[in-house]
Amino acid sequence: MTKNNPVVGSNPLTHDRPSNPNFMKKIMAHKLYPGIIQVPVALVFAFIIYELAFGPSVPHDNFGTAMTWVLWWPLIPLLFILFGRFWCGICPFATLSDLVQKVVGLNKPVPKFLKKYGIWIIDASFILITWADHVFGIVENPRGSAFLLMLIVVGVVFSGALFERRTWCRYLCFLGGLSGNYSRAGALELRATPEICATCKTASCYKGSEKAPGCPMFEFPRTMDTNARCNLCGYCVKSCPNDSITIKTRIPTRELWHIRKPVFEESFLAIVIMGIVFVQNITMLSFWPNVLTALENLTGTTSYFVTFTITFIIAMGLPILFLFLFSALSNLSTKDGVLKNFARFGYALIPLDLAGHLAHNLFHLLAEGKAIFYTFIGMFGSQIEGSAAILDTATIQVLQYMLIFLGMAGSLYTAYRIAKNNRNDSSHNNSSDATNGNTLDRIKSRATGLLPHAVFIILLTLINFYLFYVPMGMRM
Amino acid sequence: MNTFKSNKKMHLFLSVMLSFTMLLLFSGLAFASSQEETMAGMNMSNYSIQLSNPDKITQGDNDFTVTVTKDGQPVDGLAITLSAEMDSSDTSMHMSHSSNDVVTQTLTATGTGTGEYSGKLNLSSEGQWLLTVHFLDQQQTFDVTAEKSGPNLIVIASFVGVILLIVLVAALVKKRTPKEV
């Protein structure tokens, strides 16, 4: 194996990194994993849905709202960075899907349209849910939150009853799309050992064995080179007869540097997430009422449906348009086509996406975190009044800036590595010619290909800095 | 032939499920809570008062915001109280307490230069309430209706029903589908 000609299924990303699989692999190989985590998570989740549907209708007093939007939603991106899609392995929806499948599952193959358009369905549902949250009320309305979760339950039960494996998780879950992108920047990976797999005749990792089912996410660990669809369920660890599976730590974002087959829809989701972070920030800022008033005057209507939708379209649409624009500029050098350039460099936004998501929700976790305790006590009839803040606003703001700065650094470096790995660089195709002129041309080409995207990343960072500079309102 | 019948059942199953899901989506708008509703008060001595509240005022705690402006400019620094009294003209059968119950809450300013004051008021029962804003020598009354704050049992039952239906139909189809040899 050489750097430029990797063997199919090999892992050029961590081959020099000492493995640290024993502890983690032991956990994943244990017969109680992941069930021992899935069961309590499912029970807690069921209780959360109960509280959202039957508990106090005021979000400030609802334990379900506090658990979902003050604790779980802020912690999710942190889990993705540290442990990849581990949450998906213990997700209560996945547990429910497995249970339904076990009892009444028809195990039909996944329809072709889902395989082809699933990520677009995920993109669309993410956008729709964000829009509906503001127009109809989901996060700040316990009943709305309950409705969303129950709708997902219906989808999960339907998918588990009809299709094989975890079709919902792989092709329909909006959070799955998000986690797929985020986990690519994660610090943990599960991979097979190509040399061991080369002689394997059973493919138990995919097909399953008497020890464990096959991969629920339709992945073939032998050739899997991405975290995007690995939920660390441990089935392959248990079923592999050759002990080929390894679980290693790695440098966060490293996978993003070497995506061999960039997918346009995944990059599109990355920029959509950025737009969503903008929308969520803007609507919680102190100047938001002024924006609404200006739109009301412009449109001649006070309908929030209209004014918010206009804001939403602009906040979502502009980042997408600008990424196209900067991709077009970059393509002048890379010459691989605007769509391909978009697809390749869109992944570079994921670290900044993560940072923005974390930073936004960090505010809710740290400025309203005690609400989790207060609402829990409230269920037993006691009322505790007082600030729900764990940290003061100024400290939280500094943490937000640090996160955004880290995200920017991660995105810029990722973009640099993507530009460096450009296989369509015409200079690179003449790599046998070692003259200084061609080397300089290659460097110049990569730099000019990188520059527009670097400018875009810095621009998005500045917007994020500004949005976190303005005071943010509470959720609870 | 068996494959054809199985496909036909599958299509029927999918169609039924899709229909119920659409029904749920639309019925779920019953859960919907749109943004704040604002009621404007009459001008009194050049003061203008707006009362903002959640679109759905319910029995129990509700957050209210009063915005006071004078000659178009927000007025800060006022001592504002908001009181709520059950409308004695309400002949709803749901009234379970004396119509003389009055709850009063002092509102706190939400910021500087906004003229906004907010606070939480507990409306002890569903029905018609009179909310009165007091400050200086002024007062303004608004009519509101407090609805029941409990869960929407119809929507919840619909979800449970759809889930059970999916499981039941899948179980029936599975039972009737011949097993592959």
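Trainee: Which residues does Thr69(B) touch, not counting those up to four places away in sequence?
Mentor: Happy to start there, and keep in mind that this is a predicted model. Thr69(B) sits in strand β3 of chain B, which covers residues 60-70. With sequence positions up to four places away set aside, the residues Thr69(B) touches are Asn46(B), Tyr47(B), Ser48(B), Pro74(B) and Val75(B).

Trainee: How far apart in space are Thr69(B) and Leu107(B)?
Mentor: In sequence, 38 residues separate Thr69(B) from Leu107(B). Going from C-alpha to C-alpha, the separation in space is 16 Å.

Trainee: What pattern does chain B follow along its sequence?
Mentor: Begin with the inventory: chain B has 2 helices and 10 strands. Read along the sequence, they give the pattern α-β-β-β-β-β-β-β-β-β-β-α.

Trainee: What percentage of the residues in chain B is buried?
Mentor: Let us take surface and contacts on the way. The accessible surface of chain B is about 10,600 Å², with 56% of it belonging to carbon and sulfur atoms. Of the contacts with a separation of 6 or more, 58% are between residues 24 or more positions apart. Among the 181 residues of chain B, the buried share is 33%.

Trainee: Which helices are included in what covers the buried residues of α18(A)?
Mentor: Helix α18 of chain A runs over residues 370-378, and its buried residues are Ala371(A), Ile372(A), Tyr374(A), Thr375(A) and Ile377(A). Their cover includes two helices of chain A, α3 (63-83) and α17 (350-368).

Trainee: How many disulfides does a search of the whole structure find, and why does Cys197(A) form none?
Mentor: A disulfide is a covalent bond between the sulfur atoms of two cysteines. The sulfur closest to that of Cys197(A) is in Cys240(A), 6.2 Å away and therefore too far for a bond. For Cys230(A), the closest cysteine sulfur is in Cys236(A), also too far for a bond at 6.2 Å. Over all chains, the number of disulfides found is 0.

Trainee: Are Cys197(A) and Cys230(A) buried or exposed?
Mentor: Buried means under 20% relative accessible area. Cys197(A) has 8%, and Cys230(A) has 10%. Because each value is under that cut-off, Cys197(A) and Cys230(A) are both buried.

Trainee: Which residue meets Glu266(A) in a salt bridge?
Mentor: Glu266(A) lies in helix α13 (residues 264-282) of chain A, while its partner is in the loop between α11 and α12, so the bridge ties together parts 37 residues apart in sequence. Both side chains are buried, and the N to O distance is 3.5 Å. The partner is Arg229(A).

Trainee: Which residues belong to the one network of salt bridges that share partners?
Mentor: Arg229(A) also forms a salt bridge with Glu219(A), with the closest N and O atoms 3.2 Å apart. Glu255(A) and Arg250(A) meet in a salt bridge at 3.0 Å, and both are buried. Through shared partners, the network joins Arg170(A), Arg184(A), Glu189(A), Arg191(A), Glu219(A), Arg229(A), Arg250(A), Glu255(A) and Glu266(A).

How values were computed
Residues numbered from 1 in each chain as written. Chains lettered and ligands numbered in written order. Predicted model: local features only at pLDDT ≥ 70, side-chain atom pairs only at ≥ 80, totals over all residues. Heavy atoms only, no water. Disulfide = S-S within 2.5 Å. Buried < 20%, exposed > 50% of the residue type's maximum accessible area, 1.4 Å probe, protein only. Helix = DSSP H or I, 4+ residues; strand = E, 2+ residues; numbered from the N terminus. Contact = heavy atoms within 4.5 Å. Areas by Shrake-Rupley, 256 points an atom, 1.4 Å probe, with all protein chains shown as cover. Salt bridge = Lys/Arg side-chain N within 4 Å of Asp/Glu carboxyl O.
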